[in-house]
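Open the model in your viewer and keep the selection panel at hand. The stops below go from a sheet to a pair of helices and then to a chain interface.

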Amino acid sequence: MAKPKLGIFSLTGCGGDQLMILNMENELLDLLSYFEIKDFQEGSSYHEDVELDIALVEGSVSTETDLKRLKEIREKSKTLIALGDCAIGGCVQAMRNGQMSMAERMKKVYGVEEDYYDVLEPKGLSAHVKVDLEIPGCPIEKTEIFRAITSLLHGDLPETIDYPVCVECKLNGYPCVLVEKGMPCLGPLTTAGCDARCPGLGLDCIGCRGPIPDEANAAAELDVLLEKGYDEKYIINRLRFFGGNFEDIQKLTKKISERRNKTEGNE
Amino acid sequence: MYKKLAKTEFPRFFEGLGNLGKVYGPVNIEGSTYEFREVQSPEEMDLKYTRTMIPPKKFFLGTKETMYTFDEEKAVYTPAIGKQEKTIIFGIHACDIHALKLLDKVYMDELMDLFYTMKRRNTILIGISCHPDEYCFCKSMGTSYATDGFDLFLHELSDGYFVRVGSEKGHQIIEANKPLFIDADEKDVEEFKMNEKKRLEEFNLELNVLGLQDMLDLAYESPVWQETADECFGCGTCNLTCPTCRCYDVVDYVGLDLKTGERVRRWDSCMLRKHGLVAGGLNFRPTRTERLRNRFNCKGSLTEGMLNCVGCGRCTVYCPAEINFVEVMKKVIGEL
């Protein structure tokens, strides 16, 4: 049987997910030997523009160029896998989504209104094209991508994780930093798969694997942290750091800013 | 059989347990988090502990464990049975003993689970008396006292322990440590009885479980389910810290050769979205409200005559959303 053709691509992001693939030093050569690699930007300058069986795409769609590129990749690939938070929900570059226009953001960051880069509001791939599988992480976990690829090669559906970090804390017996220490842990909202690395070290989860789509209860997190004495703005910013593109978090932000405007108007 | 172990003999008794296997006891990890950990000396334990975050079920049903390894080419699968070690769980509370009795029914009597059974048979359970805190409601659940399901049970006295023997293994331990144990005299028996009576008066939390199954049935449409689900993260902490919850999920991981691999199970939770997902994509409990109602109904239902809740309070203590199990139950059945 012919080897499946693989392409690994980057849109807007730090390139950390491709780096994680390169970091799989013990398995990398054996794993890649199952494929004909047609594109692997961070691994080689070799490139061949052909139809692909699997495309792994990291990075968010943040420019018109990204979007054009993504559509081309989708067109020529049987299976499209979004790799990492950027490719799923836009990650940190999406933290002001739904809150501030791109023109305002350009003005704030670069001090100009001209759109030099043909920017789009940063979004994940699925906002624009059909995505077959999403592998979260900032960056992705080596084990997860390894398991996803071996599953696909074996002809199985890869395991998708849609439970929160709390599960992994309990399975590992880590004391709850939210319950025991009142730390502003985002574990209850955040997609697991990291084996609760940070709470295991006594640190609160900052949500780097993104909120669980259509499941994370952001309003409850806000209530819990408010009750623990955290500032509303701080909590919202924390939720937005990796979750700015998520509908529930956007709704919550809107509700709060409307309420604030109302109170200020009354004063 | 009732014996007495004097406080002065306790260290020697504990030391002797080390000859029978690995000894695990309650150790304080942080704040209200205790864990059964391997211990070498009594000083490492806190025998006045409230509850461990992770219940003793972890000894028999690994949080994450390999069940089988497989080789597709050779068409074989091999149960992953590691070295079987003798384990002594020291200082288990009555509620947790009741929970294990329930798990035994499910994992050994109904349908024998190889992995659970092997570990369970290699274990000695030594119970210890406790005092309730504001989250304990085992008295209401009828689990505040264990009559069986343990090998030895130690009840603290002013100058030692009043020891109840619950099994053949328990007798053997007493026999092997004969010089350390004396017969309990009248004064010891009186103290034991008095302590038990006093202890029952210490409970502040109560839940009326009479007709609970009917009350839950009748409350199927209660708005409390939705109100509670709005506060709930659906994070599974309540299930994972529950001594009677026993669902697990199974995943196959294939190796780099794409021929060999392993079948792994890990604790599951009915509060998680995929718990109700079946082949074909149907999810019979798609919303958090349905999942929450299901969990409370499960806890309020019976398995072979036993309630699926032993009143240990873990689900309330460790809930990051501070959802109070007893309070929700009372609201639902109209007692609050």
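How many bridges join E1(B) to E10(B), and do the two strands run parallel or antiparallel? Three bridges join them, and the strands run antiparallel. Bear in mind throughout that this is a predicted model.

**Stop 1**

Select B:Lys4 and look across to E10(B), where its bridge partner is B:Ile182. Now widen the selection to the whole sheet in chain B. It is an open sheet of eight strands, ordered E3-E2-E6-E7-E8-E9-E1-E10, and its pairing is mixed. Strand E3 (33-38) and strand E10 (181-183) of chain B are the edge strands, each pairing on one side only. From one strand to the next, the twist averages 30°.

**Stop 2: inside the sheet**

Select residues 2-6 and 160-165 of chain B, which are strands E1 and E9. These two strands run antiparallel and are joined by five bridges. To find your place in the pair, pick B:Leu5, which stands opposite B:Tyr161 in E9(B).

Next select strand E7 (residues 123-128) and strand E8 (residues 152-157) of chain B. Here the strands run parallel, with three bridges between them.

**Stop 3: two helices in chain B**

The crossing is right-handed.

Show the side chains at the contact. H8(B) contributes B:Trp225, B:Gln226, B:Thr228 and B:Ala229, while H10(B) contributes B:Arg288, B:Thr289, B:Leu292 and B:Arg293. By class, this contact has three nonpolar, three polar and two charged residues.

**Stop 4: where chain A touches chain B**

Bring chain A back into view. At this interface, 28 residues of chain A are in contact with 33 residues of chain B. On the chain A side, colour helix H2 (28-32), helix H6 (142-154), helix H7 (165-172), helix H8 (177-181) and helix H10 (218-227), each of which supplies at least two residues.

Which helix gives the largest share of the side of chain A that touches chain B? That is H6(A), with five residues. Finally, colour this side of chain A by residue class: there are 15 nonpolar, five polar and eight charged residues.

How values were computed: Residues numbered from 1 in each chain as written. Chains lettered and ligands numbered in written order. Predicted model: local features only at pLDDT ≥ 70, side-chain atom pairs only at ≥ 80, totals over all residues. Left-handed = near helix turned anticlockwise from the far one by under 90°. Helix = DSSP H or I, 4+ residues; strand = E, 2+ residues; numbered from the N terminus. Contact = placed C-beta atoms within 7 Å. Nonpolar A, V, L, I, M, F, W, Y, C, P; charged D, E, K, R; others polar. Pairing = 2+ DSSP bridges. Axes fitted to C-alpha atoms, helices over the stretch in contact; angles between N-to-C directions.
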